Amino acid sequence: MALNERKVAVVGCGFVGSASAFALMESGLFSEMVLIDVNKEKAEGEALDISHGLPFAKPVQIYAGDYRDAGDAAVVVVTAGAGQKPGETRLDLVKKNVGIFKSIIPEIAKYNTEGILLIVANPVDILTYAAAKLSGFPENRVFGSGTVLDTARLKYLLGEHLKIDSRSVHACIIGEHGDSEIAAWSSANVSGIPLNDFCEMRGHFEHEKSMKEIAENVKNSAYKIIEKKGATYYGIAMSVRRICEAIVRDEKSILPVSSIQHGEFGIDDVALSMPAIVGRSGVEGAVPIRLSDEEKKALKASADTLKEVLSGVL
Ligand SMILES: NC(=O)c1ccc[n+]([C@@H]2O[C@H](COP(=O)([O-])OP(=O)(O)OC[C@H]3O[C@@H](n4cnc5c(N)ncnc54)[C@H](O)[C@@H]3O)[C@@H](O)[C@H]2O)c1
């Protein structure tokens with residue numbers, strides 16, 4: 001089926017799927033959006049509710065459907081799966097959600113052969129790898145939201161710390177979207193000024209302590225939010241919107257999405273996040289970010305953690 005470049009499908013209409021659908025409706029990026037959930041009533045309710053915002057946005061045809069309806073979607077966003085319960089890690093979800101993926105990814109691939117699969121459900125790195133294998137799609141067209149959200153959290157916290165616009169902060173989280181993630185401090189800067197220099201300009205001198213606190217805060221954000229309100233969804237919804245924007249507008253934006261690695265930093269055949277060029281073809285190239293020896297070691301350890309989990313489930 002020929003693709004409709006202005007169509008998106010959202011699979012899974014829980015907290016994350018519905019918030020993402022809402023953000024996508026508001027974005028004006030798409031003219032058609034199909035919502036799919038094993039709970040059809042939920043998908044129908046979300047489609048109606050979100051549609052009622054259209055007089056304040058731009059026209060989009062929004063409806064609940066099935067996998068056949070996703071056949072011509074340029075992007076299929078997969079959020080279906082159980083979320084973390086308080087105290088659970090993302091890796092704890094692995095068996096449940098790989099099971100769900102074994103049923104839904106072949107269904108998507110049966111009807112949609114040309115689109116991009118954007119994986120959001122957790123553990124996102126494991127599920128991105130699983131989706132690539134289960135769909136048989138070329139790897140550039142299967143990637144995960146990865147550490148785009150963690151990177152947003154890092155930029156937000158640095159913006160607050162330095163009292164500047166978080167969009168002027170250039171820093172990223174790489175590796176697993178989870179407990180072994182790494183803040184790539186050695187390449188962090190604010191509008192080209194090395195981070196530590198900028199911190200000193202703003203009256204902060206305890207670099208080691210602040211970096212540790214901020215990285216821990218980023219890593220524990222989801223646990224903290226889940227403890228307080230049961231789930232996280234607005235930050236990821238904005239991340240999904242941003243990634244879709246890079247795809248649909250063929251922006252060639254650099255985003256830390258999760259994709260299968262092939263030898264960079266000695267990491268092979270596992271999906272994790274590294275800055276990549278994202279455009280209409282999906283992941284269009286890796287960005288050879290410079291890392292310190294310590295960061296390289298931590299990245300390798302993150303990859304090893306993920307590989308071990310993978311070997312138990314696929
Ligand atoms: N990548 C990220 O940064 C990020 C951030 C937040 C949450 N998440 C993950 O997103 C996922 C969804 O979280 P949530 O809070 O929306 O959960 P949720 O329980 O609110 O929603 C999950 C939805 O998936 C649906 N579903 C389950 N099995 C299905 C199937 N076989 N086919 C179709 N739909 C199915 C359920 O009916 C439900 O509506 C979780 O895995 C969560 O950990 C990822």
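Leaving aside its neighbours within four places in sequence, which residues is asparagine 112 in contact with? Point 3 takes this up.

1. Basis of the note. This is a predicted model, in which local features need pLDDT of at least 70, side-chain atom pairs count only at pLDDT 80 or more, and totals for chains, interfaces and linings use all residues. Residues are numbered from 1 along each chain as its sequence is written, and side-chain values use heavy atoms, with hydrogens and water left out.

2. Overall build. The protein has nine helices and 16 strands. Helices (H or I, at least four residues) and strands (E, at least two) are DSSP runs, numbered from the N terminus. Along the principal axes, the C-alpha atoms fill a box of roughly 55 × 45 × 35 Å. Of the 314 residues, 54% are buried. Buried means under 20% relative accessible area, exposed over 50%, and partly exposed in between (1.4 Å probe, protein chains only). Take the contacts between residues at least 6 apart in sequence: 71% of them join residues at least 24 apart. Contact here means heavy atoms within 4.5 Å.

3. Asparagine 112. This residue sits in the loop between helix 3 (94-111) and strand 5 (116-119). Asparagine 112 counts as buried because its relative accessibility is 1%. Its side chain reaches two backbone oxygens: that of alanine 70 at 2.9 Å and that of alanine 73 at 3.0 Å. A polar contact is a pair of N or O atoms within 3.5 Å; within protein, one must be able to donate a hydrogen and the other to accept it, and residues adjacent in sequence count only if both atoms are side-chain atoms. As for the opening question, with neighbours within four places in sequence left aside, asparagine 112 is in contact with Leu3, Ala70, Gly71, Asp72, Ala73, Val76 and Phe137.

4. Tyrosine 111 belongs to helix 3. At 21% relative accessibility, tyrosine 111 is partly exposed. Not counting residues up to four places away in sequence, tyrosine 111 touches Tyr67, Arg68 and Gly71. Glutamate 107 and aspartate 66 are 41 residues apart in sequence and 9.6 Å apart C-alpha to C-alpha.

5. Threonine 151. Helix 5 covers residues 148-162. A polar atom of the threonine 151 side chain lies 2.7 Å from the backbone oxygen of threonine 147. Beyond four places in sequence, threonine 151 touches Ala171, Cys172, Ile173 and Pro256.

6. Backbone geometry to check. The peptide bond from asparagine 122 to proline 123 is cis, with omega near -5 degrees. Proline 123 lies in the loop between strand 5 and helix 4 (124-135). Lysine 163 is not a glycine, yet has a positive phi of about 55 degrees. Lysine 163 is in the loop between helix 5 and strand 7 (169-170). Its relative accessibility is 68%, so lysine 163 counts as exposed. Aspartate 269 is not a glycine either, and has a positive phi of about 60 degrees. Aspartate 269 lies in strand 14 (residues 268-273). With a relative accessible area of 30%, aspartate 269 is partly exposed.

7. Alanine 64. This residue is in strand 3 (residues 61-64). Leaving aside neighbours within four places in sequence, alanine 64 is in contact with Val34, Leu35, Lys40, Ala43, Glu44 and Ala47. The C-alpha atoms of alanine 64 and asparagine 217 are separated by 37 Å, and the two residues are 153 apart along the chain.
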